[in-house]
Amino acid sequence: MSYPWDKRVDFVVRHMYDIDNNGSLDNNDFACMALRATVVEGKGKVTPENLASYKKVMDNLWKEISDLADFDKDGKITTDEFKQAVQTSCVGKKYAEFPQAMKAFIDAYYKTVDVDGDNCVSRDEYRYSCITRIAVDDIKVVDDAFDQLLNDDDKKRGGISLQRFQELYASFLGDLNDKNSAITLFGPVQ
């Protein structure tokens, strides 16, 4: 199975960051992500403290991404600008070397996938995450994608820990190999 780097970055922009689906990233997308993360993590409950916390994370992420990717300083980031920024700041790097705001986003995103908060993304949690983002008509392809991610430690644990998720996310964005083990991190390759 092959999934080229540029398609992976397109996916991140289109399905994870461009919340308002206007074709570019702006501050509104990150405000929407803060609310979405708060609602998902709280399973519908929104507290002012959690929302403020996520707003801070997303504001910082927007500022950092803007500094890295808004080359024409128009307040919007195109997919091409985002790709250039990821190429510079993530390709060939491990999670620890990613920009701080990107790491904060990855960690916050993990919390929304780890629905029960046990620090292990199970098959069911992975299924739920995938099915809310992409169109799939057969659960077997989702399960196969999850199985592709797992190493021996993940199998013993029964899922993906935060540290392993960080590693996989870094590989998803930072490894130019179109057949790396992280290509199914967000679901089956379409």
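This is a predicted model: local features need pLDDT of at least 70, side-chain atom pairs count only at pLDDT 80 or more; totals for chains, interfaces and linings use all residues.

Visitor: How do you know where empty space is left?

Guide: You roll a probe the size of a water molecule over the atoms, and that shows where empty space is left. The work is done on a 1 Å grid over the protein atoms alone: a cavity is a set of points where a 1.4 Å probe fits but cannot get out, while a pocket is an open set with protein on both sides within 12 Å along at least five of seven lines. Lining residues have an atom within 4 Å of a point.

Visitor: What volume does the largest pocket have?

Guide: About 570 Å³. A volume here is the space filled by probe spheres set on the points, with grid points joined across faces, edges and corners.

Visitor: Which residues lie nearest the centre of the largest pocket?

Guide: Arg36, Val40, Tyr109, Thr112 and Thr132 do, out of 25 lining residues. At least two lining residues come from each of H1 (5-17), H2 (27-41), H3 (48-69), H5 (100-113) and H6 (123-131). H5 gives the largest share, five residues.

Visitor: What makes a stretch a helix with a number?

Guide: Helices are DSSP runs of H or I with at least four residues, strands are runs of E with at least two, and both are numbered from the N terminus.

Visitor: What is the lining of the largest pocket like by class?

Guide: The lining has 14 nonpolar, five polar and six charged residues. Ala, Val, Leu, Ile, Met, Phe, Trp, Tyr, Cys and Pro count as nonpolar, Asp, Glu, Lys and Arg as charged, and the others, Gly among them, as polar.

Visitor: Why is Tyr109 called buried?

Guide: Buried means under 20% relative accessible area, exposed over 50%, and partly exposed in between (1.4 Å probe, protein chains only). Tyr109 has 13% relative accessibility, so it counts as buried. Tyr109 lies in H5. Beyond its neighbours within four places in sequence, Tyr109 is in contact (heavy atoms within 4.5 Å) with Met16, Ser129, Arg133, Phe165 and Phe186. Met33 is 76 residues away from Tyr109 in sequence, yet their C-alpha atoms are 9.6 Å apart.

Visitor: What makes H5 mostly covered?

Guide: Ten of the 14 residues of H5 are buried. Among them are Phe105, Ile106 and Tyr110. The elements covering the buried residues of H5 include H1, H2, H3, H6 and H9 (162-174).

Visitor: How does the reach of H5 compare with the expected one?

Guide: The expected span is 1.5 Å times one less than the number of residues. H5 reaches 20 Å from its first C-alpha to its last, close to the 20 Å expected. H1, with 13 residues, reaches 17 Å, close to the 18 Å expected.

Visitor: Why does Val13 count as buried?

Guide: Val13 has 2% relative accessibility, so by the cut-off for buried it qualifies. Val13 sits in H1. Setting aside residues up to four places away in sequence, Val13 touches Asp18, Leu25, Thr79 and Phe82. The buried residues of H1 pack against H2, H3, H4, H5 and H9.

Visitor: How many cavities of 30 Å³ or more does the structure hold?

Guide: Two. The largest has a volume of about 80 Å³, and its lining includes Leu61, Phe82 and Met102. H3, H4 (79-89) and H5 each give two or more residues to that lining, which divides into nine nonpolar, one polar and one charged.

Visitor: Which residues line the second largest cavity?

Guide: Tyr109, Val113, Tyr126 and Phe186 are among them. The second largest cavity has a volume of about 60 Å³, and H5 and H6 are the elements that give two or more residues to its lining.

Visitor: Where does UniProt place the feature "domain: EF-hand"?

Guide: The unreviewed UniProt entry places it at residues 57-92 and 101-136. UniProt positions are given in the numbering used here, feature names are shortened, and annotations may be inferred rather than shown by experiment. In the model, residues 57-92 are 67% helix and 0% strand, and residues 101-136 are 61% helix and 0% strand.

Technical notes. Residues are numbered from 1 along each chain as its sequence is written. Side-chain values use heavy atoms; hydrogens and water are left out.
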